[in-house]
Amino acid sequence: MSDHEDKHEESLLEKISEKNKGHDLSSSSSDSDDDKPSESSMKAKVFRLFGRERPVHDVFGGGKQADIFLWRNKKISAGTLGVATVIWVLFELLEYHLLTLVCHLLMLALALLFLWSNAATFIHKSPPRIPEVQIPKDPVLEFAQALRFEINRGFAVLRDIASGRDLKKFLSVIVGLWVSSIVGSWCNFLTLFYIVFVLLHTVPVLYEKYEDKVDPLAEKAWHEIKKQYAVFDAKVLSKIPKRPLKEKKKD
């Protein structure tokens with residue numbers, strides 16, 4: 001009897017130890033599972049061009065304009081690009097003037113509508129229904145307010161740069177204006193506008209398609225630019241004496 005009880009106790013101890021081992025294994029596996037999301041979240045934080053954290057479609061506003069730029073609707077995107085190309089060809093290659101084009105289009109439209117309205121009584125058909133066109137007030141005011149806000153912000157930035165407080169911003173603006181002046185000497189404003197318009201219809205959609213290949217290259221280039229700027233800052237910018245800020249007058 002005693003031997004049988006000893007064996008029974010040993011079997012119970014073995015079962016308890018096996019349960020504890022299984023619990024430890026399950027807890028360790030659950031801990032490892034808990035650690036996986038953090039690792040995946042660390043991997044998910046990859047470099048994105050211009051520091052964006054949203055998809056390209058959301059960067060462009062996520063509306064109809066984003067659909068046009070990213071060719072979600074190919075007919076509208078192709079039509080928009082085609083109209084811009086026709087306008088550029090008329091004004092740039094054929095040297096057509098804007099005022100002349102507007103006058104000719106208005107002359108053609110008015111002549112057709114006038115003849116149609118008078119001929120409708122002779123051919124017993126209804127005259128054309130010319131809609132009453134009015135510019136709405138609210139969108140114009142919203143656009144004017146937004147334009148006013150951006151212009152005032154630009155003036156504030158220019159004033160801040162001209163005050164001599166930030167040398168880095170001053171140099172970046174000077175370089176940007178210098179590059180813009182060089183580009184402006186190559187082509188006129190209409191051609192420059194057309195080039196920007198074409199780039200907006202091609203570069204974003206290509207970047208969205210190949211962003212996994214572009215972002216690593218952009219990351220390497222960005223790190224190299226930061227290294228070169230750090231060297232330039234240490235050798236040149238840091239040695240330029242800064243203008244001391246004026247102390248506020250005490251009341």
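Is Glu-95 buried or exposed? In this predicted model, Glu-95 counts as exposed, at 60% relative accessibility. The residue lies in the loop between H4 and helix H5 (98-119). Its phi is positive, about 55°, although Glu-95 is not a glycine.

A second residue with a positive phi is Trp-71, where the angle is near 60°. Trp-71 is likewise not a glycine. Its place is in the loop between helix H3 (64-69) and H4. Trp-71 is partly exposed, with a relative accessible area of 25%.

Helix H4 itself spans residues 74-93 and packs against helix H8, residues 189-209. The angle between the two is about 165°, and their axes are 11 Å apart. Angles over 145 degrees count as roughly antiparallel, so H4 and H8 are roughly antiparallel to each other. Their crossing is left-handed. From H4, the contact is made by Ser-77, Thr-80, Leu-81, Ala-84, Thr-85, Trp-88, Phe-91 and Glu-92. From H8, Leu-190, Thr-191, Tyr-194, Phe-197, Val-198 and His-201 take part. By class, the residues of this contact divide into 8 nonpolar, 5 polar and 1 charged.

The largest nonpolar core has 5 residues. They are Leu-81, Ala-84, Trp-88, Tyr-194 and Phe-197. Both H4 and H8 supply at least two residues of this core. The largest share, 3 residues, comes from H4. In soluble globular proteins, nonpolar side chains tend to be buried together. Trp-88 belongs to this core. With neighbours within four places in sequence left aside, Trp-88 is in contact with Leu-93, Leu-190, Thr-191 and Tyr-194.

On the H8 side, the contact involves Tyr-207, Glu-208 and Lys-209. On the H9 side, Glu-211, Val-214 and Asp-215 take part. This contact has 2 nonpolar, no polar and 4 charged residues.

Methods. Residues numbered from 1 in each chain as written. Predicted model: local features only at pLDDT ≥ 70, side-chain atom pairs only at ≥ 80, totals over all residues. Heavy atoms only, no water. Axes fitted to C-alpha atoms, helices over the stretch in contact; angles between N-to-C directions. Helix = DSSP H or I, 4+ residues; strand = E, 2+ residues; numbered from the N terminus. Parallel < 35°, antiparallel > 145°, perpendicular 65-115°, else oblique. Left-handed = near helix turned anticlockwise from the far one by under 90°. Contact = heavy atoms within 4.5 Å. Nonpolar A, V, L, I, M, F, W, Y, C, P; charged D, E, K, R; others polar. Core = buried A, V, L, I, M, F, W, Y, C linked by side-chain atoms within 4.5 Å. Buried < 20%, exposed > 50% of the residue type's maximum accessible area, 1.4 Å probe, protein only.
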